[in-house]
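Subject: Structure for your files, with notes on helix packing

Dear colleague,

Here is the structure I promised to pass on. My notes on it follow below.

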Amino acid sequence: MPIERPLSPHLTWYRPQLTSLLSIMHRASGVALSAGSILLVWWLIAIASGGATFLATQALIASPVGIAALAGWSVAFFYHLSNGIRHLAWDAGYGFELKTAYRSGYAVLALTGILSAIAWLVAMGE
């Protein structure tokens with residue numbers, strides 16, 4: 001009688017860890033930054049075009065959908081920046097101990113939230 005094993009044991013036995021989730025999020029934030037850059041280029045072209053094109057673009061960016069996109073883009077930016085600094089430390093050979101890796105991972109998440117909140121508080125204050 002054959003042993004019945006799952007086809008993909010890594011999907012049933014593997015438990016995601018903070019370090020693996022942060023790695024996936026780093027890649028996803030890079031993709032989000034690239035996609036957000038398209039909006040930035042579109043906005044710059046609209047400025048150069050002027051008139052109705054700029055007004056329509058500005059209205060889209062100021063809409064709830066545009067604000068949500070900008071908020072997501074800023075979170076992706078600050079996460080990618082913070083985690084990139086963490087990767088630089090790793091490239092220099094620091095922070096590989098499990099306890100340190102988890103501490104720096106939580107620090108990246110905290111710093112992302114703090115920097116995003118500060119940026120939006122400053123932006124909304126104007």
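The crossing of α2 and α3 is left-handed, a term used when the near helix is turned anticlockwise from the far one by less than a right angle, with right-handed for clockwise. The axes of these two helices come within 7 Å and cross at roughly 145°. Axes here are lines fitted to C-alpha atoms, for helices over the stretch in contact, and angles run from 0 to 180 degrees between N-to-C directions. Helices are DSSP runs of H or I with at least four residues, strands are runs of E with at least two, and both are numbered from the N terminus.

This is a predicted model, in which local features need pLDDT of at least 70 and side-chain atom pairs count only at pLDDT 80 or more, while totals for chains, interfaces and linings use all residues. Residues are numbered from 1 along each chain as its sequence is written, and side-chain values use heavy atoms, with hydrogens and water left out.

On the α2 side, the contact with α3 involves L39, W42, W43, A46, I47 and S49, which meet G51, T53, F54, T57, Q58, L60 and I61; contact means heavy atoms within 4.5 Å. By class, eight of these residues are nonpolar, five polar and none charged. The classes are: Ala, Val, Leu, Ile, Met, Phe, Trp, Tyr, Cys and Pro as nonpolar, Asp, Glu, Lys and Arg as charged, and the others, Gly among them, as polar. Between the two helices, just after α2, G50 takes a positive phi of about 70°.

I61 lies in α3 and is buried, with a relative accessible area of 13%. Buried means under 20% relative accessible area, exposed over 50%, and partly exposed in between, with a 1.4 Å probe and protein chains only. Leaving out residues up to four places away in sequence, I61 touches L39, W43, G66, I67 and L70. I61 and R27 are 34 residues apart along the chain, and their C-alpha atoms are separated by 25 Å.

Next, α2 with α4. These helices pack at an angle of about 130°, with their axes 8 Å apart, which makes α2 oblique to α4. For reference, angles under 35 degrees count as roughly parallel, over 145 as roughly antiparallel, 65 to 115 as roughly perpendicular and the rest as oblique. The crossing of α2 and α4 is left-handed. From α2 the contact includes T19, L22, H26, G36 and L40, and from α4 it includes L70, W73, N83 and H87. The residues of this contact divide into 11 nonpolar, 10 polar and one charged.

N83 is placed in helix α4 (residues 64-91) and counts as buried at 0% relative accessibility. Beyond the residues up to four places away in sequence, N83 touches L22, H26 and V108. S74 also lies in α4 and is buried at 14% relative accessible area. Its contacts, leaving aside neighbours within four places in sequence, are S116 and W120.

L18, T19, L22 and M25 of α2 make the contact with A101, Y102, G105, Y106 and L109 of α5. That contact has seven nonpolar, two polar and no charged residues.

Which residues of α2 are buried? They are L18, L22, H26, S29, G30, L33, G36 and A46, and what covers them includes α3 (51-62), α4 and α5. In α5 the buried residues are A101, G105, V108, T112 and S116, and they pack against α2 and α4. By contrast, R103 of α5 counts as exposed, at 56% relative accessibility. R103 and S34 are 69 residues apart in sequence and 28 Å apart in space, C-alpha to C-alpha.

At 1.5 Å a residue, the 32 residues of α2 should span 46 Å, and its end C-alpha atoms are 46 Å apart, which agrees. The expected span is 1.5 Å times one less than the number of residues in the helix.

Regards
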